[in-house]
Structure formats: C-alpha cells, structure tokens
Amino acid sequence: MKPIVGLAGGAVVGLLLSLAAEQAMAQTAVAVAKERKEMMGSLWPSYYKDLNAVAAGQDTNIAASSTKAQAASAAVKKLAGLFPPGTGRDAAPETRSTPEVWSQRAEFEAAFAALVSETDKLGEAAKSGSLDAFKAQWAAVGKACGGCHGGPIKSGGKFRFEAQ
Ligand code: HEC
C-alpha cells in the first residue's frame with residue numbers, strides 16, 4: 001500500500017503546486033495589464049499634451065519640446081515591453097487590449113515602432129526650431145497613435161476594446 005499512498009500524495013502536491021503556479025501567473029498578468037494601462041493612459045497627460053500645446057501655438061517654446069519628445073519616446077519603448085503573451089482578457093479581465101495584440105503581433109509591433117520613430121522625428125523637428133516642421137510632424141505622431149486605436153480616450157480600435 002505504501003507506494004500507492006506515496007504516489008497519490010505526490011500527485012496532490014503536484015496539483016497544488018501547479019494551481020499555485022497558475023494563480024501566481026494570473027496575478028502577474030493582472031499586474032502587468034494594470035501597469036501598461038496606467039502607462040498608456042499617462043502618455044497624453046505626461047508627454048503628448050505639452051507637445052500638442054506647441055503644435056497648436058499655445059506654447060511657443062519649441063526648443064524645450066525636443067527633451068519632452070525624447071522622454072515620450074523612451075516611455076513608449078518601455079511600454080512596448082508590457083504586452084507579454086498570456087496577459088489578455090482571459091488572464092486579466094480589466095485589460096482593454098484585444099486578442100489581435102497577440103494574434104497579429106508583427107503589425108502590433110510595427111505600430112509601436114512607428115510611434116517611436118515619429119516621436120523621435122518630432123524631437124528633431126523641435127531642434128530645428130521650425131513651427132511648420134513641428135506641426136507637420138505632430139500630425140504624423142497623431143496618425144501613429146491612431147494606428148492602434150481611435151482618438152477619444154474611451155474609443156476602441158484594432159488593438160483596443162472600447163471602454164465600458
Ligand atoms: C502599438 C499600439 C498602440 C499605439 C501606437 C498607441 N496605443 Fe494607446 N493603447 C493600446 C492598447 C493595446 C491599449 C489597451 C491597453 C490595455 O488596457 O491593456 C491602449 C490604451 C490607451 C489608452 C486607455 C488607457 C486606459 O486607462 O484604459 C489611452 C488613453 C491611450 N492608449 C493613449 C494613447 C496615445 C496618446 C497614443 C499615442 C501617443 C497611443 N495610445 C498609442 C495600443 C496602442
């Protein structure tokens with residue numbers, strides 16, 4: 001009898017361990033999804049809002065925008081790393097990322113890369129001091145955000161569910 005009990009005990013421990021591992025992964029998925037949602041939500045207030053003010057002529061300090069654009073670009077690069085597989089709605093119900101984030105990965109990553117490069121170019125335009133160049137490049141940045149989702153904060157899109 002002993003070996004059988006030992007086996008059964010081992011199976012129970014194994015099951016408990018895999019349940020614990022699954023639970024830990026689900027917690028991690030929720031945390032990652034929360035972090036990227038907050039970071040995505042902070043792009044506008046922390047960086048792009050000020051850049052928009054320059055493009056709209058409300059702020060005339062174009063030169064200062066090159067540092068702001070660099071910071072924005074760094075934030076976007078970091079954000080791009082916060083979409084690991086297994087962090088969709090199955091594991092993190094609050095996320096607004098659609099399954100296409102993972103099923104159409106090449107397109108998703110290209111959209112991120114486009115936002116980084118258009119933001120870098122905005123920084124270059126800021127250095128040139130030309131408001132016309134800055135405005136033109138600002139339109140390209142807006143398009144890059146739109147490559148993934150609509151403009152209004154609650155809107156959906158290819159890679160983002162509408163807010164409920
Ligand atoms: C590569 C695709 C991509 C690009 C480019 C992109 N976003 Fe997002 N964005 C997403 C995804 C995916 C979500 C949903 C995140 C989640 O909830 O997991 C999101 C969510 C958001 C949200 C909602 C956050 C919340 O609280 O639900 C805002 C606001 C936002 N993005 C703003 C922007 C702005 C501003 C830009 C351009 C500067 C931008 N995004 C560019 C993919 C993108």
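**Close-ups of a predicted model**

**View 1. The buried side of helix 5.** Helix 5 buries Phe134, Gln137, Trp138, Val141 and Ala144 (buried means 20 or more other C-beta atoms within 10 Å of the residue's own, exposed 12 or fewer, with C-beta atoms placed from the backbone; helices are DSSP runs of H or I, at least four residues, numbered from the N terminus). These residues sit on the same side of helix 5 because they cover an arc of only 115° around the axis, taken from the directions from the helix axis to the C-beta atoms. Turned away from that side are the exposed Asp132, Ala139 and Lys143.

A note on the model: it is predicted, so local features need pLDDT of at least 70 and side-chain atom pairs pLDDT 80 or more, while totals for chains, interfaces and linings use all residues. Numbering runs from 1 along each chain as its sequence is written.

**View 2. The largest nonpolar core.** This core (buried Ala, Val, Leu, Ile, Met, Phe, Trp, Tyr and Cys joined through C-beta atoms within 7 Å) has 22 residues, and Leu51, Leu122, Phe134 and Trp138 have the most contacts inside it. Helices 1, 2, 4 and 5 each give two or more residues, with helix 4 giving the most, six.

**View 3. Around Leu51.** Beyond its neighbours within four places in sequence, Leu51 is in contact with Ser65, Lys68, Ala69, Leu122 and Trp138 (C-beta atoms, placed from the backbone, within 7 Å).

**View 4. The ligand shell.** The ligand is surrounded by 24 residues, with Met40, Arg96, Ser97, Cys145 and Cys148 the closest (C-beta atom, placed from the backbone, within 6 Å). Helix 1 gives the most to this shell, eight residues.

Terms used: Contact = placed C-beta atoms within 7 Å.
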